[in-house]
Amino acid sequence: MKLLIALTLLLGMIYCRSASARVAVEDFDNIRLFTLTNKHGLTVKVTNYGAIITSIIMPDRDGQMADVALGYDRVEDYMNAVDKPYLGAIVGRYGNRIARGQFTIGETTYQLAVNNGPNHLHGGIIGFDKVAWDAQPLEGDGECGLQLSYLSQDGEEGYPGNLKVTVTYTLTDTNQLRVDYLATTDKPTHVNLTQHTYFNLKGEGKGDILDHHLTLNAKQFTPVDEGLIPTGELREVAGTPFDFTSAKPIGRDIGQDDQQLQFGGGYDHNFVLAGGDPQDGLPLAARVYEPGSGRVLTIHTSEPGVQFYCGNFLDGRLTGKAGRPYVHRGGFCLETQHYPNSPNQANFPSTLLQPGAEYRTTTTFSFSTD
Ligand code: BGC
């Protein structure tokens, strides 16, 4: 287990220069837990185990706070959970699936760890979600954050090249959580990093998310085979259950007799983002509105795709922070990314990273009410 158990215990609070935004640090069963708080009391907790977001506490339209991120109280639960569904984690070196765990760069075919039927999923057996990252709290004006670094060794899970990865979480006083990804390599390799938080805007453990209204800035999606590997087609969403171009409850069409929904057990598909006018430099990916609480999550990204996964594999066996079970579809993920199996699909945007180049992507999660 590539886990550094003996991490320094940091005591006390580290305050940012900003009057209000601050980072608190505490021990989390030998792994550190960092609490980012902004001037409105919005808090985001992050552990350096798996760079996992363990909690996001935000108000509803009446100011009632709730934790909208699925997770556990104890780091052991992240390590030992049934099926390890990547709650809150940074996923890599390659988020999503690579067919048969193989790709070819130049003359060389690489065999990656296979951990999802015949395929490679989310970086393999010990992906970036299951390692200890170095963590450095950051200070800023009106924002605070955490910079997490990890060196993925040449050959790890079968990937070529030493990959240096930095993920920076920044919480702003404008109620935005920004995630900046940076990676460099010493050999050509494939990289596709993403954030795997499961959200329930009613509050974690409060039933399913089928009544959340979702808008996706996507006119196409990438249909898959039975193993959830894209066929290579970019299919129009118009006239299908995959049309979220205007807000619609996640559950409205999920029961339709549709082969793609059968393959995914519901929505578990990559959507092709349409781009458009950027806000703060980034185009819109998704907006989710929960009518009961009025909570809104808006996501912008520099990535070309987003995997919309609506928790089809949750089945009530996992218990969350408030002691409530995570029921079927008890959370949704919107994983900004390049498309699945890109190393083997010449028509998809490339995930190849060359030595001397920088992998840089940014995704923002904005929290508001309506
Ligand atoms: C995948 C799902 C998978 C889940 C947890 C998602 O990103 O698309 O198929 O079950 O992660 O592993």
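Where is Lys321 found? Lys321 sits in the loop between β25 (305–309) and β26 (333–337). Before the close-ups, two notes on reading them. This is a predicted model, in which local features need pLDDT of at least 70 and side-chain atom pairs count only at pLDDT 80 or more, while totals for chains, interfaces and linings use all residues. Residues are numbered from 1 along each chain as its sequence is written, and side-chain values use heavy atoms, with hydrogens and water left out.

View 1. Strands here, like helices, are DSSP runs numbered from the N terminus (helices are H or I with at least four residues, strands are E with at least two). Lys321 counts as buried because its relative accessibility is 16%; buried means under 20% relative accessible area, exposed over 50%, and partly exposed in between, with a 1.4 Å probe and protein chains only. Look for two backbone oxygens beside this side chain: that of Thr54 lies 2.4 Å from one of its polar atoms, and that of Ala69 is reached at 2.7 Å. A polar contact is a pair of N or O atoms within 3.5 Å; within protein, one must be able to donate a hydrogen and the other to accept it, and residues adjacent in sequence count only if both atoms are side-chain atoms. Leaving aside neighbours within four places in sequence, Lys321 is in contact with residues including Asp67, Asp73, Glu204 and Tyr326, where contact means heavy atoms within 4.5 Å.

**View 2. The largest nonpolar core.** This core has 65 residues, and Trp133, Tyr169, Leu216, Phe271, Phe308 and Leu334 have the most contacts inside it. A nonpolar core is a set of buried Ala, Val, Leu, Ile, Met, Phe, Trp, Tyr and Cys residues joined through side-chain atoms within 4.5 Å. Strand β14 (residues 163–172) gives the core its largest share, five residues. At least three residues come from each of domain 1 (2–196) and domain 2 (213–356 + 360–369), with bounds taken from an automatic or database domain assignment. A second, separate core of 18 residues includes Tyr49, Tyr72, Leu87 and Leu318.

**View 3. Phe271 and an aromatic cluster.** Not counting residues up to four places away in sequence, Phe271 touches a set of residues, among them Leu216, Val237, Pro304, Val306 and Phe308. Phe271 also belongs to one aromatic cluster with Phe221, Phe242, Phe244, Tyr267 and Phe308. Over the face of Phe244 you will find Lys248, at 4.3 Å from the ring centre; a charge sits over a ring if NZ of Lys or CZ of Arg is within 6 Å of the ring centre and within 35 degrees of the ring normal.

**View 4. Two edge-to-face pairs.** A search of the whole structure finds 19 aromatic pairs. Rings of Phe, Tyr and Trp (its six-membered ring) pair if their centres lie within 6.5 Å; planes under 30 degrees apart count as stacked, over 60 as edge-to-face and the rest as tilted. Tyr72 and Tyr78 have ring centres 4.7 Å apart and planes at 70°, so this pair is edge-to-face. Tyr72 is buried at 6% relative accessible area, and Tyr78 is buried at 8% relative accessibility. Tyr198 and Tyr309 also form an edge-to-face pair, 6.0 Å centre to centre with 80° between the planes. This pair links distant parts of the chain, 111 residues apart: Tyr198 is in the loop between β17 (194–196) and β18 (213–216), and Tyr309 is in strand β25. Tyr198 is buried at 2% relative accessibility, and Tyr309 is buried at 6% relative accessible area.

View 5. Pro188 is found in the loop between β15 (176–185) and β16 (189–190) and counts as partly exposed because its relative accessibility is 28%. Pro188 and Ala357 are 169 residues apart in sequence and 9.8 Å apart in space, C-alpha to C-alpha. Beyond residues up to four places away in sequence, Pro188 touches Ile105, Pro160, Leu352, Leu353, Gln354 and Pro355.

**View 6. Backbone details in two loops.** A cis peptide bond, with omega about 5°, joins Gly92 and Arg93; Arg93 lies in the loop between β7 (89–91) and β8 (97–98). The loop between β7 and β8 also holds Asn96, a residue other than glycine with a positive phi near 85°. Asn96 is buried, at 2% relative accessibility. In the loop between β26 and β27 (352–353) is Asn341, whose phi is near 55°, again positive in a residue other than glycine. Asn341 is buried, at 4% relative accessibility.
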